[in-house]
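Hello,

Here is the structure I promised to pass on.

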Amino acid sequence: MTTPTTTGVPETLPAASPPVSQPPHPLVEFWYHFRQNKGAMAGLAVILLIAVVALFAELVAPHDPNIQYRDAILVPPVWQEGGRWAFLLGTDDIGRDMLSRLIFGARLSMMIGLIVVTLSLAVGLALGMIAGFFGGVTDALVMRLMDILLSLPSLLLAVVVAAILGPGLVNAMLAVSIVVIPHYARLTRAAVMAETNKDYVVASRVAGAGPLRLMLVVILPNCVAPLIVQATLGFSTAILDAAALGFLGLGAQPPTPEWGTMLASSLQFLQRAPWVVTWPGVAILVTVLAFNLLGDGLRDALDPKLKR
Amino acid sequence: MLRFILTRVSLVIPTFLGVTFLTFLLIRLVPGDPIEVRVGERGIPPERLLELRHELGLDRPLWHQFLDYIGGVLQGDLGVSLVTRNSVFSEFVTLFPATLELAALAMLFATVVGLPAGIIAAVRRGSIFDHGVMGISLTGYSMPIFWWGLLLILFFSVGLGWTPVSGRLDLLYYVEPVTGFMLIDTLMAGEYGAFWSALHHLILPMIVLGTVPLAVVARMTRSAMLEVLGEDYIRTAKAKGLAGKRVIGMHALRNALIPVVTVIGLQVGTLLGGAILTETIFSWPGVGKWLIESINRRDYPALQGGVLLIATTVMTVNLLVDVLYGVLNPRIRHSR
Amino acid sequence: MPAMPLLDIKNLSVEFTTRAGTFRAVDGIDLTVDEGEVVGIVGESGSGKSVTSLAVMGLLGSNGTVVADRMHFGGKDLLAMSPSQRRKITGKDVAMVFQEPMTSLNPCFTVGFQIMETLKVHEGLSGKALRNRAIELLEQVGIPAPESRLSAFPHQLSGGMNQRVMIAIAIACNPRLLVADEPTTALDVTIQKQILDLLVRLQKERGMALILITHDMGVVAETAQRVVVMYAGQVAETRPVDALFKAPRHPYTGALLDALPERALGKRRLPTIPGVVPGIGDRPQGCLFNPRCRFANDRCRIERPALFDVDAGKARCFYPLADAPVGAGEVL
């Protein structure tokens, strides 16, 4: 008797019990939900495209973004009368190729997004963790500070910070980073406070885990989902606000091909050459929309409450 | 109810003090000595500098200076503009109605369009209308409004000639400012032509400034309605034999309004921030444009005062929203 | 010729369309309720008893499809009515009390408003008459100091009080049929009895018909005249209460009765029914109850039984239990 047989249980059990299915890996399940969201997939595709273009700007761009073609001032896009194949989207008031400037502008915008999100996420995460974990006076101090930052309209605050630091791309990025810190701090604090009293955290504490280990290894992984969503949406805020600062003359300075700055410096050609105003705006809108679509999709896919 | 309001007010006071401290620091964070900033590039003899420092109390300890500043702020003394030599407070008060008028109309526009759109989208969940509203509102939410304003000017003002490009009123008219709100002043003066002109001037800026709040209100209304429509008491309302309109417009909306009102209140900050861009594009003579000009002219006392006053406005509105939230939500009103 | 029943339902099915496919929550049930009769509908969670009541009220959402050969109330065809005609009956002639009193009342409106709303819509009352009627109703459902309670919000009252308010709303327009869907499940044990007594008292005073939906056999025994036992969307057994309790015919009914604590006196463990009601995708072949049935044989596993006539009623079983059901022998 080497093969064990089923014991003689009378067949009162369901004849065909369904096979026990393994729950899918969380990432697989996430991807399954995410893929069904067409908007989010479109956003992801656009972002990937922009990222690739930004990364290989030198190879993709037909011209140097700063070369001024003196014989090609305010050339309209190729499909309009007077357009030239050499300048697909036309040229600006000093004969620079719009398409090339937009492509290099994409690099700037992606960089702005990346730096702002990294910076604000890091600081916000640290502040939120400290506030949520230690509580008491520390918590009150940190959160009051965040309240103060939040009581100012975000663009106004960015404008003020940029005004204090002086105009420039780096300062604009700093300004925008400071403005969005409270969002990450609040989110982290809420997540940490929700997790701190759960049994598994208490268990690790009892097992002798130090506060740093508790914060980074035990608690942090459990509040990653909302932070990912917030960070994605943070990209769009960063790009939008940095462009607004550029438009107000407080961000990147000409001749930097930053989209907002490009808009500001071509304002007087609004009527004569609408394309110099149109394209940078389209670029901003499409990029920001893509990040917002992606963020919405991520939230729906990561938020178990909304899963059907 | 009174206790509820008092609690809320007492919570705002530390934030207000913090903001005051921040704006107080602002002028000190600007690179360079405040006096040198004030006298500009003309230069100043060192002994006069010391004198001025003493006069302005800049040689006293920081906390002392802060107390002086707070004392001034509480009396409405926010210093003097370096450029116009006018009191910052009175300049702000003169310009603020223009911003307020624009912001109020923008919010009205956002609510009047966004609320019904969100309600219908929720009731017809999954329909083409729903997808349309969601798509448009996400686009509006992603809109760089400074560009949006330019596009609208290009199309409606330059292209079709329907609306004026900038300003609040045609040069043909002059109306004595009484309230500072152009729509009210023109009506009070009986100048109906001027009233129409003012309305015309308001349309595009209103749409531009209202775009983001509109998107937010529509999305929030939709999700709040979706949540409420699944509640047990909606089933009860239907079981009473009430008509669909009453179930949705009364039983569901009354509950969905609670989060929506909060969101509308929070949009006031967005509006005042967006006013900076909108006023710049449309040459709208409000505090947003004034702030940017102050920055460009390095008029730091004006910037400092303006920031504090705008922050105070936002905090006041948020406080009002908090109270309104209590009025709308019986559970909050009675439990504290 | 017997009088026409108040509620007459023949072959009612309710299907829900979900992403996973179509799910039949109610599967061809017949239900009649006479004027002034108390009918208990019993079953586990997921047996389709609540969905049945929602179908009667016309409260199923757009993803629920109701099909029936006949669905008449007071001689009128409910399925042929326009939504606005249907609303004139709903809340007036047929009213419902739900399971969760704390969430079934709108938190933003006062108790008085919610009672008067029904009276205003269906009876056209207004002013002083409206207010007096609302106070009278609160009195009838046993709420002390009714005048002052009119301005109370639901969150200021206890669960039992809220359920009384729900009942007041339901009986406001003197309904001919009251549907109570697990009206006591969410309440404390001490309150349960009070609410149940209140329902029975109101039913007797007003002579209205009552459908009492519950999973509690004990409640049914105390109140109902006739019992419908539901299982997996179908009627398993339907008989007068005395006959059913004395000698259940369907093994499922038998098992439910065995699970009553008062019938399990002297046993070391309370008998339970192993397994759960089949759900969306795991409906067995043959009799729906066969995987959980002690008596099931090959026929039960292949062939699906119809509702057969048994003494004084019907049971959906090839082998109805005999008079002295196994397991109940130790009682009495």
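A salt bridge here is a side-chain nitrogen of Lys or Arg within 4 Å of a carboxyl oxygen of Asp or Glu. Please keep in mind that this is a predicted model, where local features need pLDDT of at least 70, side-chain atom pairs count only at pLDDT 80 or more, and totals for chains, interfaces and linings use all residues. Residues are numbered from 1 along each chain as its sequence is written, chains are lettered from A and ligands numbered from 1 in the order in which they are written, and side-chain values use heavy atoms, with hydrogens and water left out.

Between chain C and chain B the rule finds 2 salt bridges. In one of them, C:E117 pairs with B:R246, with 2.7 Å between the closest N and O atoms.

On the side of chain C that touches chain B, α1 (49-57), α3 (101-104), α4 (111-123) and α7 (159-171) of chain C each provide at least two residues; helices are DSSP runs of H or I, at least four residues, numbered from the N terminus. The largest share, 6 residues, is from α4(C).

As for the interface as a whole, 26 residues of chain C contact 22 residues of chain B (heavy atoms within 4.5 Å). The buried area is about 2200 Å², with 62% given by carbon and sulfur atoms; this is the accessible area (1.4 Å probe) that the two parts lose on being put together, summed over both.

Best wishes
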